[in-house]
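This report goes through the pockets, cavities and a surface patch of one protein model. The sequence and structure come before the details.

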Amino acid sequence: MKLNQLRDVAAIAKQGSLRGAARALGLAQPALTRSVRELEHELGAPLFERARRGMTLTPVGEAFVRRANAILTDVQRAQEEVEQISGGIGGSLVAGLSIAAHIALLPRSLQRFRKRYPDVRLRILEGFFPTLESGLKDGSIDFYMGPRPATPIPEGLLMEKLFDNTRLIICRSGHPLARRATPGAPASLEDLTGAEWVTTSITHLADDELGAFFKKHRLPPPRLVAQTQSALSLIMLLLYSDMLAMLPIQFTQFALVKNAMTSIPVRESLPAPSMVLIRRAGLSLTPAAEYLVDLLRTRS
């Protein structure tokens, strides 16, 4: 089994056809066909089902391509690690950050990272652990920072606690409910039961998370009218409606919106999941990824 065979199979799976893969790789189609047939012969099983309009993976092929992609990613990371250890400043880095991590950790770290690694191609994925888990496992995402997952992390990943967190009830400045409550005379969740709410997908049971706070205090479920995984969507919904959101405290410190949004003080405690770092076990980060993690960690 050769590395170029893994590359060829992964390209066909991605492009959906021999012709598309040959074009993407800059290879002759017969050479690509020969490469795949030799690999299938070696494995003793077909990787693709061939049709006039393209090629689809067999169940064996799907399992093989997952492994192949992970190996190819590790090879790329190894090349970049050697380059960066040798003084290079190029390569790529993929970071998965939650909304809170974007707001609380990234702004004060980004400039220093770009100064140290100006040629690293930085890709940032906004999301929560359930949506990023597969990328962390196959190595296509270097690390995740965000709320601690509601379920145990799978084997092969490592988790480091960064800090405990808490939440506030956030709304637009001038919201009628915000004018009624002050730190000296806070509201209660009961006062907010008639409001409309937007939530983010922090846990596997995002729809139930907000309701759990109300249920704990023997209150009827909140009126959940919107759900989003995007910080921009969340900001737009809060700024241009009377929706409320229960968000990490860092949201009130975000320079772009802190004058346009406010919090509604409530008597109840609103704990949030701890902020954590998750990455693959058994493999070190590239120097560029390790440097960004250190910057983000020291800002926590």
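## Second largest pocket

By class, the residues lining the second largest pocket are four nonpolar, two polar and six charged. The model is a predicted one. The space in this second largest pocket comes to about 290 Å³.

Its lining is made of Ala63, Val65, Arg66, Arg67, Asn69, Ala70, Ile71, Asp74, Ser134, Lys137, Asp138 and Arg280. H4 gives the most, with eight residues.

## Largest pocket

The largest pocket holds about 650 Å³ of space. Its lining has 21 residues, and those nearest the centre are Lys14, Asn69, Leu72, Thr73 and Gln76. Several elements contribute two or more residues to the lining: helix H1 (3–15), helix H2 (18–25), helix H4 (59–85), strand S3 (92–97) and strand S4 (121–126).

H4 supplies the largest share of this lining, six residues. H4 also gives the most to the lining of the second largest pocket. Asn69 is named among the residues nearest the centre of the largest pocket, and Asn69 is also listed in the lining of the second largest pocket. Sorted by class, the lining of the largest pocket has ten nonpolar, six polar and five charged residues.

## Cavities

Searching the whole structure gives three cavities of 30 Å³ or more. The largest cavity contains about 70 Å³ of space. Ten residues line the largest cavity, and Thr199, Thr200, Glu209, Leu210 and Met246 are the closest to its centre.

At least two residues of the lining of the largest cavity come from each of strand S7 (196–200), helix H9 (206–216) and strand S9 (245–248). The lining of the largest cavity divides into six nonpolar, two polar and two charged residues.

## Surface patch

On the surface, a nonpolar patch is formed by Leu232, Met236 and Tyr240. Together these residues have about 390 Å² of accessible area.

Is Met236 buried, partly exposed or exposed? Met236 has a relative accessible area of 43%, so Met236 is partly exposed.

Notes: Residues numbered from 1 in each chain as written. Predicted model: local features only at pLDDT ≥ 70, side-chain atom pairs only at ≥ 80, totals over all residues. Heavy atoms only, no water. 1 Å grid on protein atoms, 1.4 Å probe; cavity = no way out; pocket = protein on both sides within 12 Å on 5 of 7 lines; lining within 4 Å. Points joined across faces, edges and corners; volume = space filled by probe spheres on them. Helix = DSSP H or I, 4+ residues; strand = E, 2+ residues; numbered from the N terminus. Nonpolar A, V, L, I, M, F, W, Y, C, P; charged D, E, K, R; others polar. Patch = residues over 30% accessible without salt bridge, like charges linked within 9 Å, V, L, I, M, F, W, Y side chains within 5 Å. Areas by Shrake-Rupley, 256 points an atom, 1.4 Å probe, with all protein chains shown as cover. Salt bridge = Lys/Arg side-chain N within 4 Å of Asp/Glu carboxyl O. Buried < 20%, exposed > 50% of the residue type's maximum accessible area, 1.4 Å probe, protein only.
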